[in-house]
Structure formats: structure tokens, C-alpha cells
Amino acid sequence: MVSSATLAVLAWVLPDFRLEAPNGDSPTQIAVTSAIGAGAFGVLSALVWPLLVRALLLVPALVLGALVFFLNGSLLLVALRFTPDGRGQVAPATAVVIAAVMSATSSATSTALAVRDDAAYGRRLARLAGRRTRASDPPLPTTPGTVFLQLDGVGHDVLRDALTAAPPAMPTLAGWLGTTHRLTPWRTDWSSQTGASQLAILHGTNHDVPAFRWFEKETGQLMVCNRPSSAAELERRAVARTGFRGLLAEDGASRGNLFTGGAEQSALVMSVAARRDKFSRSRSGYFAYFSDPANAVRTAWSFSAEVCREIGESTASRLRRDRPRIKRGGLYPLLRAFATVVERDVAVAAVIGDMLAGRTAVYADLVAYDEVAHHSGPRSKDARKVLGRLDRSVALIADASRYAPRPYRIVLLSDHGQSEGETFESAYGVTFRELVRAGCGLAGTERQARRRAARGAEARAAARTALRRPEQERRAQEEAECAGPASQPVVLASGNLGLVAFPEIEGRATLEEIDRRSPALLDALTGHPGIGFVLVHSAERGPLVLGPDGSQRELATGRIKGDDPLAPFGEGAADAVLRADGFPHIADLMVNSACDPRSGAVHAFEEQAGSHGGLGGPQSHPFLLTPVELPVPPAPLVGAEALHSLLRTWLTPPRPASSQEKRPGEERSREEPIHQEPTHQEPIHQEPVREEPTRATTA
């Protein structure tokens with residue numbers, strides 16, 4: 001009825017669209033013609049769209065979002081041919097507009113265009129998912145399922161303040177806190193970024209993931225966590241190490257993540273994006289979502305609004321002269337809208353569908369806050385507004401759970417926080433790469449393209465996958481930017497963590513070898529006010545942390561010279577650094593920026609107002625918001641592997657005492673040291689031995 005009325009109104013409004021004979025018709029005849037046209041359009045949409053989706057699987061996903069409008073208009077042209085005596089006549093361009101309006105009105109009957117009505121949208125998604133349930137399906141278990149929603153980059157303190165403010169920035173979660181849910185902090189590993197944290201959360205280990213990007217000498221390959229081939233290799237290594245498919249192996253679904261977690265059902269997952277099987281590749285989630293014209297209308301509207309919002313907010317930031325501030329022009333408004341609207345809408349729809357299908361465990365990553373906080377700052381007004389929109393998404397999922405065939409527990413967590421601060425280049429007028437090259441006695445400055453590549457890296461990678469851009473093109477560009485003669489170091493950045501590798505030195509270069517090769521490098525790094533500490537391996541003293549003013553800490557013995565260089569980075573820093581030192585692909589030099597212990601400010605080596613990837617400030621302190629009935633240990637959770645063990649206990653039903661033996665293929669116990677030599681374990685807890693600093697050379 002709504003579609004028929006819409007068609008009649010549009011025929012009256014639009015000059016090149018009519019539903020009556022040339023000599024006129026009665027209102028009754030016009031109504032009948034409208035009903036026939038609308039009915040034919042609805043039937044064609046229901047029957048033809050599934051076939052079109054399969055036929056268009058080779059089309060880039062974002063192109064499909066725009067193509068939907070034109071295909072929808074084509075269906076309307078066909079539908080109008082069913083009207084009696086050819087009364088329905090319309091220009092092709094107008095047909096596209098009419099079809100879009102009709103799709104929007106049919107999706108929510110309360111208003112003409114209810115594209116912002118989350119309640120109506122949720123009920124509509126529930127009905128659509130319900131249609132996919134077949135009577136022949138086996139009965140679902142009545143035990144609760146679990147939905148894990150990862151609010152990417154939201155730190156514990158940021159969430160706590162958002163929930164306790166007056167008024168709260170996230171009213172839905174504020175209502176849960178203290179009633180149905182409890183808030184718990186946890187601490188990341190040294191590499192405080194999605195690749196390391198999510199790999200451990202979903203697969204039980206992040207061994208040998210030293211940073212977001214790193215160089216592997218034996219293959220000459222640059223590994224990047226959000227590159228499809230790298231993500232697939234990291235997942236393969238994790239499964240081989242633990243012998244365990246992943247957290248979601250038992251009837252699970254992975255949505256919008258870097259890794260599958262062992263789930264058979266995955267969409268928008270980077271580690272499967274490069275698979276050749278067109279029906280299982282990561283982009284399938286986009287097709288399932290945009291195959292519904294109403295979804296395309298709603299998301300296109302929100303996408304356009306988000307682009308305008310970013311342009312307005314960046315302009316206001318420049319006028320206010322906010323600090324820290326980075327450039328937000330070029331393609332960034334489109335990348336932000338993709339991360340905050342398209343990825344969010346597709347992931348939320350997929351999660352709702354998974355709940356209504358009764359899946360046991362669902363893990364989804366909502367990246368909107370992380371993307372905006374990188375460019376605006378984690379405490380900015382822009383980022384706070386994104387938290388409010390994420391809150392509405394969570395409320396939508398919670399509301400849709402009422403339609404699910406089994407009860408669901410909703411767990412919210414983050415993979416890391418973000419630390420604010422001026423970029424290294426903005427604060428000191430030199431890039432990290434330039435500092436390293438100067439310390440090696442090399443001239444020249446880096447190109448602007450290298451700095452541009454760091455902005456919007458995570459959203460850019462997801463957008464490239466959705467557009468089906470070949471990975472080889474981007475890989476060649478990245479490797480060309482870090483490559484050079486074998487005698488020159490490879491310098492990389494992951495937030496406020498810098499990596500330096502010397503390709504001509506086989507294996508890990510020692511402190512003594514580096515001093516012989518570049519005598520001024522270590523002094524140049526440790527003497528710079530923007531550098532907090534440098535990890536290097538000494539052939540004589542083992543893993544060694546070098547800090548300002550000649551301060552040192554021997555990780556193998558706990559011996560300290562001068563002030564402890566790890567003191568500004570908080571409790572557990574020494575353990576985190578020592579663990580990373582045991583990774584096979586640790587860089588020759590691991591360089592962490594300085595950190596203000598009072599404010600938690602750091603200096604990103606990339607172009608980011610809010611950063612993460614190293615130690616220092618809130619970036620190492622994400623959160624866990626869990627239903628009160630799920631047990632949480634009183635001891636602090638340290639490391640993403642410990643968090644995986646906790647989540648796995650929630651998904652594993654209790655077994656009888658006789659079956660408590662370790663199952664074949666089960667991952668190694670978290671108590672077993674799997675990445676450090678035993679000699680490195682005991683001394684770390686000894687009382688540190690302090691010596692007076694000496695003005696000796698590094699060697």
C-alpha cells in the first residue's frame with residue numbers, strides 16, 4: 001500500500017512520469033495502475049535480486065552499492081510494462097530516482113524516508129533474517145550464545161568517562177554498567193595494535209608479531225597486519241603454533257575482523273580476502289548487505305552525511321587551532337565515511353543475521369572510533385560523537401536479540417586504547433626515519449608520499465579490499481618505500497614504536513655489530529628528547545634497554561644503571577619488552593617514543609593525532625565490559641593471550657572431572673613460556689641492582 005501510494009504521488013510530482021492514459025484516467029484507475037506497478041516491482045525485486053547478487057559477485061563491492069540504484073531503476077522500467085494499456089511511462093533516469101524512493105519508503109512505513117529510524121531498521125533486519133530460517137533446519141540449542149563486539153581503539157578510561165559523564169555519551173552502555181554488566185581493564189602486550197591483540201584474542205597467540213609492520217630478513221618481505229596475504233600468513237602461523245583453529249571454531253562467525261578465529265562463517269575478514277573462491281572471499285558481506293536496495297539507500301544517505309560532517313569538523317578544528325592536529329584533506333573524508341558508516345552498517349547487519357540464525361559465538365570489529373581518533377584525537381569532540389553512534393549500533397543489536405531463537409550474552413571489549421600527543425615530526429621538525437639515517441651518516445630526506453601512506457592506513461586497507469584493488473600494487477608501493485641498497489637500514493613505524501633493521505647483517509644484529517657499523521646511531525637515538533628507550537641485543541649482556549643520559553637496564557639480570565629507562569611506561573613494561581625480545585622477527589633496534597608520565601602523551605612516528613602500537617599512556621589499557629554472570633578473575637588481565645583464555649572458558653561448557661585431561665590439539669597452556677629462554681624468567685623479578693651511570697660508549 002505504501003509503495004502504491006508513493007508511486008502515485010511521484011507520478012503527480014514528476015513531469016516525465018505518468019500512470020494514466022494520455023486523455024486522463026479516474027482516480028480509481030490511477031490507484032489500480034499504481035498498485036499493479038508497485039506489486040510487479042516488489043515481485044521482481046524479491047525474485048530477481050538473489051540472481052543478480054550471484055551474477056555480480058565479481059563486481060567490486062562498493063561499486064555494487066551504486067549499481068544497486070541503476071539496477072533497481074531497470075526493474076521498475078520492467079515492472080511498469082505490466083500496467084494496463086502501457087499507462088506507466090517514465091524516463092530511464094527518473095526510474096532510478098523513483099526506485100530509490102520506493103525502496104526507502106517500503107523499508108519504514110512510519111515516514112516517507114525513515115532512513116535514520118534505528119528501531120524500524122532493526123525490526124526490518126529481524127524480519128529479513130527470519131525469512132532465511134527454514135522449517136527443515138534442526139532445532140537450535142537453548143543455551144545462551146555470545147556476541148563479542150570489539151569497539152576498536154576505545155581505551156578503558158575513555159569508555160569509563162563516556163559512561164559516567166552527565167549526560168553520558170553512550171546512554172545504552174551507561175544503563176548496563178553496574179546493573180547487567182561490569183567494566184574491567186586489561187593490559188596489552190608491547191605491540192598495542194589490532195593485529196597483535198586480535199590475533200591472540202581469536203587464535204590464542206601473538207607470538208612473533210612485534211609491531212603492526214615489520215621486515216623479515218630471511219625472505220626480504222615486509223609484513224603488514226592488515227594486508228590480506230600477511231593476515232592469512234599470521235593466522236596460519238598461529239594455528240600451527242597452538243594446534244587450535246580458534247575461538248570461533250564451534251559454530252562461530254567472524255565479521256569485520258583481521259582474522260577468522262576459525263569460524264566457518266566469515267565476512268569482511270582480511271585473512272580470507274585474497275581467496276580465489278568467489279563465494280567465500282571477505283567481500284561477501286558487502287554483497288549480502290547491498291543486495292537489498294533499502295540498505296543501499298540508508299547507507300548512502302549516512303555516507304554522504306558523514307563526508308559533510310568530516311569536512312565541517314576538520315574546518316572547525318583548523319579555525320580553533322586545535323593541537324595536536326594533522327592534515328585531514330584529500331581522500332580522508334571518504335575513508336572516514338567508509339569506516340564509520342559502510343563497515344559499521346554491514347557488520348551490524350551481519351551480526352543481527354548471525355543472532356537470528358542462532359550461532360553460538362559471533363565476533364565483530366567496529367572500527368569507527370579508532371579511525372576518527374587517529375585523526376582528531378581520542379578525547380576530541382569528533383571522537384565522542386562517534387561513541388554515541390556506536391552506542392546506537394549496540395542498542396540496535398541488543399534490541400534485535402529479542403527476535404533470536406536463543407538468548408544472547410553481549411560482551412564488549414577493545415583491542416587497545418589510544419595515546420594523544422604531537423607527532424614526532426611536528427614536535428621536533430624531523431621524522432624518525434631522518435633521525436635514523438642521520439645517525440647512520442646517510443643524507444637525504446624521505447618523500448612526502450611516505451608520510452601520506454600512514455594516514456588512514458586501516459580504513460584504506462579495508463576500502464581497497466572492498467574495491468577489489470590488487471594487493472600486489474600496494475605491496476610493491478610499500479616495499480619500494482622502505483627498500484634501498486642493502487647497506488642502508490630499513491626504517492618502519494607502528495604508531496609510537498619504531499623499528500630499524502640492517503638487511504646486510506644476517507640474523508639479528510647485536511649492539512656490538514651496530515656500533516661497529518654506525519658508531520653514532522645509538523647515541524643519536526638515546527640522546528634525542530623524543531625517544532624514550534631503545535631495545536637492542538648485546539652479545540655480552542643479552543637484551544638491553546638503553547635510555548636517556550646513559551641509563552640502561554639489563555633485562556636478563558634486572559641490573560639498572562642510572563634511572564630506569566622503563567619507569568615512565570608503567571608496571572609490566574619490563575615483562576612486555578622482555579617477551580618481545582624473544583620473537584624470531586624482532587627488529588635489530590626497537591625504538592619507543594618518549595612518554596609524559598603525567599599526561600600519558602607520546603609522539604607518534606606516523607601522522608596521527610592519536611596513536612597506538614607501542615608503550616606509553618592509555619594505548620596499553622583497553623577495556624572489557626561483560627555480563628555480571630560471566631566470571632572475571634580478580635587478578636589483572638595481562639596480555640591478549642590471557643584474554644583469549646578467559647573468553648574461551650566462557651564458550652566451553654564445563655566437562656566432567658574424568659574428562660579434564662588436555663584434548664588433542666589443544667593450545668599450549670598460558671603458564672608455559674613459549675617464547676622466552678628460561679634464563680630470562682627468574683631474574684626479572686629480582687630487586688634491581690642500581691649502579692652509577694658512566695660516560696662510556698654504548699659498547
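Helices here are DSSP runs of H or I with at least four residues, strands are DSSP runs of E with at least two, and both are numbered from the N terminus. With that settled, here's a tour of the model.

This is a predicted model, where local features need pLDDT of at least 70 and side-chain atom pairs count only at pLDDT 80 or more, while totals for chains, interfaces and linings use all residues. Residues are numbered from 1 along each chain as its sequence is written, and side-chain values use heavy atoms, leaving out hydrogens and water.

**The sheet**

Let's start with an open sheet of eight strands, with mixed pairing and the order β8-β7-β9-β3-β10-β20-β4-β21. Two strands count as paired if DSSP finds at least two bridges between them. At the edges stand β8 (265-267) and β21 (637-638); each has a single partner strand, so one side of each has no neighbour in the sheet.

Helix α6 (residues 156-164) packs on this sheet, where it touches β4 (181-187) and β20 (623-627). Contact means heavy atoms within 4.5 Å. The direction of α6 makes about 155 degrees with that of β4; axes are lines fitted to C-alpha atoms, for helices over the stretch in contact, and angles run from 0 to 180 degrees between N-to-C directions.

Inside the sheet, β7 (residues 252-255) and β9 (residues 361-366) pair in the parallel sense over four bridges. Ala-253 stands opposite Val-362 in β9.

**A hairpin**

What about an antiparallel pair? Strands β5 (residues 213-216) and β6 (residues 221-224) pair that way, over four bridges. Arg-213 has Val-224 in β6 as its bridge partner. Four residues lie between the two strands of this hairpin, and Gly-220 takes a positive phi near 70 degrees.

Most residues other than glycine have a negative phi, and most peptide bonds are trans. The table lists some spots that go the other way.

| Site | Feature | Value |
|---|---|---|
| Ala-166 and Pro-167 | cis peptide bond | omega about -5 degrees |
| Arg-323 and Pro-324 | cis peptide bond | omega about -5 degrees |
| Asp-251 | positive phi, not a glycine | phi about 55 degrees |
| Asp-549 | positive phi, not a glycine | phi near 55 degrees |

Where do they sit? Pro-167 is in the loop between α6 and α7 (171-176), and Pro-324 is in the loop between α11 and α12 (332-356). Asp-251 is in the loop between α9 (228-242) and β7, while Asp-549 lies in the loop between β15 (542-546) and β16 (552-554).

**Buried or out in the open**

Buried means under 20% relative accessible area, exposed means over 50%, and partly exposed is in between (1.4 Å probe, protein chains only). Asp-549 counts as exposed because its relative accessibility is 77%. Asp-251, at 40%, is partly exposed.

Glu-313, in helix α11 (residues 293-320), is at 7% relative accessibility and therefore counts as buried. Leaving aside neighbours within four places in sequence, Glu-313 is in contact with Arg-328, Arg-336, Asp-382 and Lys-385.

Val-78 belongs to helix α3 (residues 61-80) and counts as partly exposed because its relative accessibility is 38%.
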